[in-house]
Amino acid sequence: MTHNVTLIPGDGIGPEITRAVRKIIEASGVNICWEVVEAGAAVIPEYGTPLPDHVINSIKKNKVAFKGPLTTPVGKGFRSVNVALRKELDLYANLRPAKSLPGIAARYSNIDLVVVRENTEDLYAGVEHMVGRDAAESIKIITREASKRIVKFAFDYAVKNNRKKVTAVHKANIMKLSDGLFLECAREVAEEYQNIEFEDVIVDAMCMKLVQDPGNYDVLVMPNLYGDIISDLCAGLIGGLGVAPGANIGSEVAIFEPVHGSAPDLAGKNKANPLAAVLSAVLMLKYLEEFQAAELIYNAVIEVLKEGIHLTNDLGGMSSTIEMTEAIIEKINQPSPLT
Ligand code: NAI
């Protein structure tokens with residue numbers, strides 16, 4: 001069967017890492033018909049917007065997209081295309097697994113966490129304005145509907161993936177109304193899942209506990225801004241942005257993308273680590289129910305990491321993006337009897 005998938009190569013290192021993904025998926029034997037569309041600053045001169053309608057329409061039609069990172073101007077200029085896509089397509093759940101990988105220098109080797117971040121509201125919605133010249137106000141919006149929906153997503157994920165515990169992260173001791181509502185919803189939803197353990201932890205304590213003993217946690221669910229921060233913390237725990245995959249999932253449509261940005265310092269140098277993108281592709285293949293190919297690619301990545309020969313700079317190696325990609329493809333073509 002052929003899957004139709006929209007591909008946004010993205011800015012900076014985006015084209016290099018999405019090229020790696022395409023080659024690796026092709027080697028795994030899955031047929032994907034890629035509809036390549038461009039978004040971001042580069043298309044503004046032609047379309048007058050960083051997110052042209054045909055990009056949105058392509059994703060709506062194909063239902064699944066793979067996206068390279070897009071550069072967002074800081075403090076001024078157009079609003080994040082990433083945030084706009086999540087809003088426009090109602091991709092309400094941001095899924096970021098953080099699993100220890102062999103051969104990667106990290107503080108712990110026993111991490112197997114999944115951060116589920118609410119993707120549509122909270123301070124991250126960017127509803128803000130100036131109050132006179134010398135003050136700015138940003139509005140934090142938390143709704144019952146979005147909170148229940150994301151917590152339900154986290155529990156359903158836990159059930160489907162044989163996970164044991166869901167931890168809701170919040171700051172309801174201080175933001176008693178907004179985070180209080182999120183926590184109330186989490187407790188209500190938890191009642192419906194008697195076989196999954198539930199607990200809640202205040203966000204600052206969560207940061208400390210994750211750094212001290214991440215092995216205690218399983219699925220974490222939280223409002224948007226805490227999710228943004230904690231998922232990067234978790235990426236740091238497993239070895240950094242170069243190996244952190246992500247997915248934005250809605251009820252109709254899903255977009256898969258690495259957690260990292262466009263890394264302008266590495267763009268065009270054939271030095272970017274392709275793994276975060278490749279592991280995002282593994283998530284996409286599972287979503288497409290191509291479980292065998294997903295496992296084949298994941299095991300090939302593990303083999304390359306265990307060997308430790310074909311690693312990019314950020315992982316302490318000397319290999320290029322292309323060399324690491326080829327090493328993964330070689331493992332796909334000759335899977336080890338042990339994997
Ligand atoms: P970044 O993630 O691009 O880079 C941070 C550091 O990590 C840099 O030193 C970079 O070289 C390194 N790095 C990132 N990905 C790597 C990879 N695959 N291999 C090896 N090293 C890697 O974050 P930064 O610099 O804050 O953002 C750059 C641009 O990317 C900004 O415009 C930002 O808005 C955008 N961005 C886009 C995202 C997306 O499209 N989903 C997510 C995060 C940032």
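Start by selecting arginine 163 and aspartate 112: their side chains meet in a salt bridge, with 3.0 Å from N to O. This pair joins distant parts of the chain, 51 residues apart. Arginine 163 sits in the loop between helix H5 (144-160) and strand E8 (165-170), while aspartate 112 belongs to strand E5. Keep in mind throughout the tour that you are looking at a predicted model.

Now show the surface around this pair. Arginine 163 is buried, because its relative accessible area of 14% is under 20%. Side chains of opposite charge can pair when their charged atoms come close.

**Stop 1: the two domains**

Colour residues 1-94 together with 243-339 in one colour, and residues 106-238 in another. The domain assignment calls the former domain 1 and the latter domain 2. Their C-alpha centres lie 25 Å apart. Where they touch, domain 1 contributes 14 residues and domain 2 contributes 14 residues.

How much area is buried between domain 1 and domain 2? The value is about 1200 Å², and carbon and sulfur atoms give 55% of that area. Select Arg86, Tyr92 and Asn94 next: within domain 1, these residues lose the most area to domain 2, and together they account for 48% of what that side buries.

**Stop 2: across the interface**

Stay at the boundary between the domains. The rule finds 1 salt bridge across the interface of domain 1 and domain 2, along with 5 residue pairs in polar contact. On the side of domain 1 that touches domain 2, the elements giving two or more residues are helix H4 (81-88), strand E4 (93-99) and strand E11 (245-249). H4 provides the largest share, with 3 residues. Sorted by type, the residues on this side of the contact divide into 8 nonpolar, 2 polar and 4 charged.

Next, pick aspartate 90 and arginine 149. These two form a salt bridge, and their closest N and O atoms are 2.9 Å apart. Aspartate 90 is in the loop between H4 and E4. Is aspartate 90 buried, partly exposed or exposed? At 31% relative accessibility, aspartate 90 counts as partly exposed.

Look at the backbone here too. Most residues other than glycine have a negative phi. Aspartate 90 is not a glycine, yet its phi is positive, at about 50 degrees.

**Stop 3: a buried arginine**

Move to arginine 117, in strand E5 (residues 112-118). With 1% relative accessibility, arginine 117 counts as buried. Which side chains does the side chain of arginine 117 meet in polar contacts? One is that of asparagine 224, at 2.8 Å. Another is that of aspartate 228, at 3.4 Å.

To see the surroundings, show the residues that arginine 117 touches. Leaving out residues up to four places away in sequence, its neighbours include Arg86, Tyr92 and Asn94, and also Tyr124, Ile150 and Met222. You have already selected Arg86, Tyr92 and Asn94, the residues of domain 1 that lose the most area to domain 2.

**Stop 4**

Select glutamate 184 and arginine 144, whose side chains meet in a salt bridge of 3.0 Å, N to O. Glutamate 184 is in helix H6 (residues 178-190) and arginine 144 is in helix H5, 40 residues apart. Glutamate 184 is partly exposed at 37% relative accessibility, and arginine 144 is partly exposed at 41%.

Then pick glutamate 307 and lysine 331, which meet in a salt bridge of 2.3 Å, N to O. Glutamate 307 lies in helix H10 and lysine 331 in helix H11 (residues 321-333), so this pair ties together parts that are 24 residues apart in sequence. Glutamate 307 is partly exposed, with a relative accessible area of 40%.

Finally for this stop, select Lys67, Arg86 and Glu257, which are linked in a network of salt bridges.

**Last stop: glutamate 289**

Go to the loop between helix H9 (275-287) and helix H10 (291-307), where you will find glutamate 289. Its phi is near 65 degrees, a positive value in a residue other than glycine. Is glutamate 289 buried or exposed? Glutamate 289 is exposed, because its relative accessible area of 59% is over 50%.

Methods
Residues are numbered from 1 along each chain as its sequence is written. This is a predicted model: local features need pLDDT of at least 70, side-chain atom pairs count only at pLDDT 80 or more; totals for chains, interfaces and linings use all residues. Side-chain values use heavy atoms; hydrogens and water are left out. Domain bounds come from an automatic or database domain assignment. Contact means heavy atoms within 4.5 Å. Buried area is the accessible area (1.4 Å probe) that two parts lose on being put together, summed over both. A salt bridge is a side-chain nitrogen of Lys or Arg within 4 Å of a carboxyl oxygen of Asp or Glu. A polar contact is a pair of N or O atoms within 3.5 Å; within protein, one must be able to donate a hydrogen and the other to accept it, and residues adjacent in sequence count only if both atoms are side-chain atoms. Helices (H or I, at least four residues) and strands (E, at least two) are DSSP runs, numbered from the N terminus. Ala, Val, Leu, Ile, Met, Phe, Trp, Tyr, Cys and Pro count as nonpolar, Asp, Glu, Lys and Arg as charged, and the others, Gly among them, as polar. Buried means under 20% relative accessible area, exposed over 50%, partly exposed in between (1.4 Å probe, protein chains only).
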